[in-house]
Amino acid sequence: QVQLVESGGGLVQAGGSLRLSCTASGTIFSINYMGWYRQAPGNQREFVARITRGSSIYYADSVKGRFTISRDYAKNTMYLQMSSLKPEDAAVYYCNVGAGTGGVYTDYWGQGTQVTVSS
């Protein structure tokens with residue numbers, strides 16, 4: 001089991017920056033990937049970014065060049081640095097972790113943190 005605690009959401013003006021954090025606990029040795037998803041009202045949850053155990057990084061096209069995902073292994077924490085925020089980035093952001101062994105992974109989710117971008 002992996003437990004996730006997110007922080008860092010809030011209200012920011014368009015063009016501003018925020019940094020989200022996600023700290024993992026539990027069977028963290030089994031984590032294969034960590035990432036972020038977001039969900040705006042009336043929309044489906046969508047992929048934002050992911051970092052794998054091997055440090056491969058993936059971004060949604062909509063955030064490339066503006067968001068940066070990183071991981072501090074010593075702190076068991078993942079970050080999402082968001083810059084040049086747009087009103088369309090407003091959503092609840094969820095931390096996602098894939099953990100398991102033998103190539104079989106279970107997805108775990110954080111409770112979500114609200115990001116609001118004012119125009």
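1. Cys22 and Cys95 are both buried, where buried means under 20% relative accessible area, exposed over 50%, and partly exposed in between, with a 1.4 Å probe and protein chains only. The two residues form a disulfide with their sulfur atoms 1.9 Å apart; the criterion is a pair of cysteine sulfur atoms within 2.5 Å. The structure holds one disulfide. Cys22 lies in strand S3 and Cys95 in strand S9, so the bond ties together parts that are 73 residues apart in sequence. The torsion about the S-S bond of Cys22 and Cys95 is about -70°, and the disulfide is therefore left-handed. Strands (E, at least two residues) and helices (H or I, at least four) are DSSP runs, numbered from the N terminus.

2. On the basis of these values: the model is predicted, local features need pLDDT of at least 70, side-chain atom pairs count only at pLDDT 80 or more, and totals for chains, interfaces and linings use all residues. Residues are numbered from 1 along each chain as its sequence is written, and side-chain values use heavy atoms, with hydrogens and water left out.

3. Glu6 lies in strand S1 (residues 2-7). Glu6 is buried but has no salt bridge, the nearest side chain of opposite charge being Arg45, 7.8 Å away. For charge, Lys and Arg count as positive and Asp and Glu as negative, while His and the chain ends are not counted. A salt bridge requires a side-chain nitrogen of Lys or Arg within 4 Å of a carboxyl oxygen of Asp or Glu.

4. What does the side chain of Glu6 have beside it? A polar atom of that side chain lies 2.5 Å from the backbone nitrogen of Cys95. Beyond its neighbours within four places in sequence, Glu6 has contacts (heavy atoms within 4.5 Å) that include Cys22, Cys95, Trp36, Tyr93 and Tyr94. Among its other contacts are Gly110, Gln111, Gly112 and Thr113.

5. Ser21, also in contact with Glu6, is found in strand S3 (residues 18-26). Ser21 is buried, with a relative accessible area of 13%. With neighbours within four places in sequence left aside, its contacts are Val5, Glu6, Ser7, Trp36, Thr77, Met78 and Tyr79.

6. S1 and S3 run antiparallel and are joined by six bridges, with Ser7 opposite Ser21 in S3. S3 and S8 are also antiparallel, again with six bridges, and Thr23 has Thr77 as its bridge partner in S8.

7. The salt-bridge count comes to four. Arg38, Glu46, Arg66 and Asp89 are linked in a network of such bridges. Arg38 meets Glu46 at 2.6 Å, N to O. Arg38 is buried at 6% relative accessible area, whereas Glu46 is partly exposed at 36%.

8. Asp89 forms a salt bridge with Arg38, the closest N and O atoms being 2.9 Å apart. This pair links distant parts of the chain, 51 residues apart: Arg38 is in strand S4 (residues 31-39), and Asp89 is in the loop between strand S8 (77-82) and strand S9 (91-101). Asp89 has a relative accessible area of 0%.

9. Asp89 also meets Arg66 in a salt bridge, 2.7 Å from N to O. Here the partners are 23 residues apart, with Arg66 in the loop between strand S6 (57-59) and strand S7 (67-72). Arg66 counts as buried at 11% relative accessibility.

How values were computed:
A polar contact is a pair of N or O atoms within 3.5 Å; within protein, one must be able to donate a hydrogen and the other to accept it, and residues adjacent in sequence count only if both atoms are side-chain atoms. Two strands pair if DSSP finds at least two bridges between them.
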